[in-house]
Amino acid sequence: MLGFIFDIANILAGILLGITALDKLDGESNFFNNIAKKLIPFTTIIGGISLGLGVWYLLGFKHILYSSVAIAGGLLLLTHVLSQIPAIGGWLVKVSKKLMPFKVIVGMALLILAILYLL
């Protein structure tokens with residue numbers, strides 16, 4: 001059950017992060033833009049699940065690549081929240097800003113890996 005939640009959260013995170021590339025795929029229909037607009041209020045929850053469960057699975061040495069990409073996606077989605085964490089918040093924001101140029105790549109990788117793990 002936890003793995004299913006992790007996969008769904010990562011699919012949603014992949015859509016939110018990779019929306020610029022996905023927008024080019026759907027053309028005039030704006031399918032992915034409509035989904036992203038509905039997901040924006042839940043960005044913090046989706047990012048928290050991706051980051052938290054990514055760390056959980058990484059510490060258990062399960063799905064190391066998938067967990068690492070999920071952690072990167074979670075950090076990218078939680079940039080606005082990370083600065084509020086005492087002691088390590090500044091460091092996490094720096095890591096998130098370093099990942100920002102790779103936002104679409106991380107999003108597409110996360111979307112593809114999550115769909116593959118869901119199947």
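This is a predicted model: local features need pLDDT of at least 70, side-chain atom pairs count only at pLDDT 80 or more; totals for chains, interfaces and linings use all residues.
Residues are numbered from 1 along each chain as its sequence is written, and side-chain values use heavy atoms, leaving out hydrogens and water.

**View 1. Helix α5 on its own.** α5 covers residues 64–77; helices here are DSSP runs of H or I, at least four residues, numbered from the N terminus. Its end C-alpha atoms sit 20 Å apart, which agrees with the 20 Å that its 14 residues should span at 1.5 Å a residue (1.5 Å times one less than the number of residues). Of those 14 residues, 11 are buried (under 20% relative accessible area, 1.4 Å probe, protein chains only). The buried ones pack against α1, α4, α6, α7 and α8.

**View 2. α5 meets α8.** Helix α8 (residues 103–118) packs on α5 at about 135°, with the axes 9 Å apart. Contact (heavy atoms within 4.5 Å) involves, among others, L65, Y66 and V69 of α5 and K103, V106 and A109 of α8. The contact residues split into 12 nonpolar, one polar and one charged (Ala, Val, Leu, Ile, Met, Phe, Trp, Tyr, Cys and Pro are nonpolar; Asp, Glu, Lys and Arg charged; the others, Gly among them, polar).

**View 3. Around G54.** G54 belongs to helix α4 (residues 43–59). G54 is buried, at 0% relative accessible area. Leaving aside residues up to four places away in sequence, G54 touches F6, I49, S67, A70 and I71.

Definitions and conventions
Axes are lines fitted to C-alpha atoms, for helices over the stretch in contact, and angles run from 0 to 180 degrees between N-to-C directions. Helices (H or I, at least four residues) and strands (E, at least two) are DSSP runs, numbered from the N terminus. Buried means under 20% relative accessible area, exposed over 50%, partly exposed in between (1.4 Å probe, protein chains only).
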